[in-house]
Amino acid sequence: MSEIVLKNVCKQYEKGQQYAVQDVSLRIGEGEFVIFVGPSGCGKSTTLRMIAGLEEISRGELWMDGALCNYVEPKERGLAMVFQNYALYPHMNVYDNLAFSLQIRKMDKKEIDRRVHEAAGMLGIEHLLRQRPGSLSGGQKQRVAIGSALVRNVKVFLLDEPLSNLDAKLRAQMRVELAEIHRKLGATMIYVTHDQTEAMTLGTKIVVMDQGRIRQADRPAEIYNHPADRFVAGFIGSPSMNFFKGTIRVPGRAAFLELEDGTMLEVPENRAGLLEEKYAGQRVVLGIRPEDLHEAGWPGGSGKTGHADRSSWKLEGEIVAREMLGSECMLYLESDAGDFAARLPVAVRGAVGEKKQLYLDMTRAHYFDAQTEKNIFYREGRDLV
Amino acid sequence: MRKAARKWKGSSAYLYLLPCFCVFAVFLFYPFAKTIYLSLYKTNKLGQAKLFVGLENYKNLLTSEAFYNSMTVTLVFVAIVVLGSMLLGLIAAVLCSKAFPGIRVFSTSYALPMAIASSGAAMIFRIILNPTIGIVNKLTGLDINWISDPRYALVCVAVLTAWLNSGINFLYFSAGLGNIEESIYERASVDGANAVQQFFRLTLPGLSPILFYTLVVNIIQAFQSFGQVKILTQGGPGESTNLIVYSIYRDAFFNYRFGSAAAQSVVLFLIVMALTLVMFRIERKGVNY
């Protein structure tokens, strides 16, 4: 049992100054792989350091295994941490770096030796044990840092942007290895990153933070498919979601979204009810991911679903850039309704400077309140639909 | 033609060294050579070499009890000074390595001895250690004549010198501590190390290159202490604080035995050089990382 609970945790570095972390409440269950993600300065590292005990908690409570831990020394918390810059001890060789935490606990030498070799074997660094950190490459240092956390045999691992100093290829490889370590150990991992690919691929739960507050905490698929607000929607997903400002119009029986250039997009039935009722005549923000834009002729590109007329879901823009991604192709377009991007099959026609008409899959669109920026259809972790 | 140009290019480097060489020649190389030369002669009162005696000055030295006394006194003095000044500097630097309100006042006062002239400090110590009005006796309630008692005089001079030399050590160690990455302490505290373990397993090894350098500089500096002895004790009481540099000064400018003084200078030079060489040999083996 190793449950970590944060209750309204706040961090204020100096009195009267802005909060670095504000009212963070979160329950982290045993064996979870929780990812804190957000732009730099959002408070994710600070939150992690408060869990580690390296930063004092200004207000709120931190509970671990049912005990209040606000004032427990870092070394008493039974955590292992991997730092962004690896924090290897420069004057010790790799073996001593791995063994340090056990040596200072005066553990039996044979047991230390066994654990060090086990961790080194797991990470493939056995041949480096006699070397000093100064002579290692970035990836090797990273492994040593992870290894020195592994030897502790603890239930909770804290990782502070552990892969950010590695090159792209190594990062992908270490990502796979981390996922495997997590599967093997079954320990709780709390991981901080600003890279949403790491967040999406590694996490069993993603905590999206911005300006010291949690914006949304949920499973990766939920975060992607049902973002709680415009910030989460824009932050998760690459390239990020397209946003269009518009107004809800209910001229007759059907509801429409009028974009700034006058385009009228009919709102599909499953969304129409609430929008007609509460947002008629009001401003909303439409969010749609690049992969939900299509060329004419996509399955069901014309005709009707329910009473909504799909042929109205089109938007024209001028192509300003075209990126070939291999299996797919990105088009970046400008229109009077706003700039947008689309992820399309490689065969798509259209050169830079040409006009292009694309269809929006409105059944997969998100609607955000223009004022609060909240997802209109988001309630308590799940969409209404 | 081309060959000449290359030759000029190669030797032009010496041209750049010339100004520095001139200064060294006047103030270092010439006096050094002259000292060795003088050490082989008997001199008149003006310090002019008069009679070549070969190694007799050295022979006299090595058979004189006064010389051995002054060697012993110097070694004890150096040991106290080096240990004291390095400990003082290290403790002060560790205390000032964390930011706290008023840190500037503290670090300035720890570094201040560096800026005090040894003779000035000795004058102040004379008042502090004065048996009737000095603050040391007043505070401790003791009645000790610190400077005139052969048992305490050397320790007093050594403590004064240790304090004087601690300022620069404080600076060296502060710089050394600044070079140790903060995050390894954070990792150590999560790893479970307490403050004492962190100091001995992280701070000291992290300081080891600078510790070594400071040790060498301190030893050389301690061997050359002069001003505080001159002001505080004049080598007395008896011969108890007659450090070798002071003994050189006394032989040359009181007794007008320039030959003997020169010979002592050469011996001092040999000792310091030997120590330095030995220490660099040790350093190459294990201090670096």
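This is a predicted model: local features need pLDDT of at least 70, side-chain atom pairs count only at pLDDT 80 or more; totals for chains, interfaces and linings use all residues.

**A histidine and the surfaces beyond it**

Modeller: A:H366 is buried, because its relative accessible area is 8%, under the cut-off of 20%. A:H366 lies in strand 22 of chain A, which covers residues 366-369. If neighbours within four places in sequence are set aside, A:H366 is in contact with A:N225, A:P227, A:M241, A:V285, A:L286, A:G287 and A:N375.

Chain A is divided into domain 1, residues 4-232, and domain 2, residues 235-383. A:H366 therefore belongs to domain 2, whereas its partners A:N225 and A:P227 belong to domain 1.

The two domains of chain A have centres 38 Å apart, taken over C-alpha atoms. Their contact takes 21 residues from domain 1 and 19 residues from domain 2. About 1,800 Å² is buried between domain 1 and domain 2 of chain A, and carbon and sulfur atoms give 53% of that area. On the side of domain 1, A:Q196, A:Y224 and A:R230 supply 41% of the area buried against domain 2, more than any other three residues.

A:R230 has a further part here. The count of salt bridges between the two domains of chain A is 1, and A:R230 forms a salt bridge with A:E373, with the closest N and O atoms 3.8 Å apart. The elements of chain A that give two or more residues to the domain 1 side are helix 6 (196-202), strand 10 (213-218), helix 7 (220-225) and helix 8 (230-235). Helix 7 gives the most to that side, with 4 residues. By type, the residues on the domain 1 side divide into 10 nonpolar, 6 polar and 5 charged.

The next surface is the one between the chains. There, 26 residues of chain A are in contact with 19 residues of chain B. The two chains bury about 2,000 Å² between them, with 56% of it on carbon and sulfur atoms. The rule finds 2 salt bridges across this interface. A:R152 forms a salt bridge with B:D191, and the closest N and O atoms of that pair are 3.6 Å apart. Across the interface of chain A and chain B, 14 residue pairs are in polar contact, both residues at pLDDT 80 or more. Strand 6 (79-82) and helix 2 (94-103) of chain A each supply at least two residues of the side that touches chain B. Helix 2 of chain A provides the largest share of that side, 4 residues. The residues of chain A that touch chain B divide into 14 nonpolar, 6 polar and 6 charged.

A:G31 is found in the loop between strand 2 (21-28) and strand 3 (33-37) of chain A. This glycine is partly exposed, with a relative accessible area of 23%. The C-alpha atoms of A:G31 and A:A187 are separated by 4.7 Å, although the two residues are 156 residues apart along the chain. Not counting residues up to four places away in sequence, A:G31 touches A:H182, A:G186, A:A187 and A:T188.

Technical notes. Residues are numbered from 1 along each chain as its sequence is written. Chains are lettered from A and ligands numbered from 1 in the order in which they are written. Side-chain values use heavy atoms; hydrogens and water are left out. Contact means heavy atoms within 4.5 Å. Buried area is the accessible area (1.4 Å probe) that two parts lose on being put together, summed over both. A salt bridge is a side-chain nitrogen of Lys or Arg within 4 Å of a carboxyl oxygen of Asp or Glu. A polar contact is a pair of N or O atoms within 3.5 Å; within protein, one must be able to donate a hydrogen and the other to accept it, and residues adjacent in sequence count only if both atoms are side-chain atoms. Ala, Val, Leu, Ile, Met, Phe, Trp, Tyr, Cys and Pro count as nonpolar, Asp, Glu, Lys and Arg as charged, and the others, Gly among them, as polar. Buried means under 20% relative accessible area, exposed over 50%, partly exposed in between (1.4 Å probe, protein chains only).
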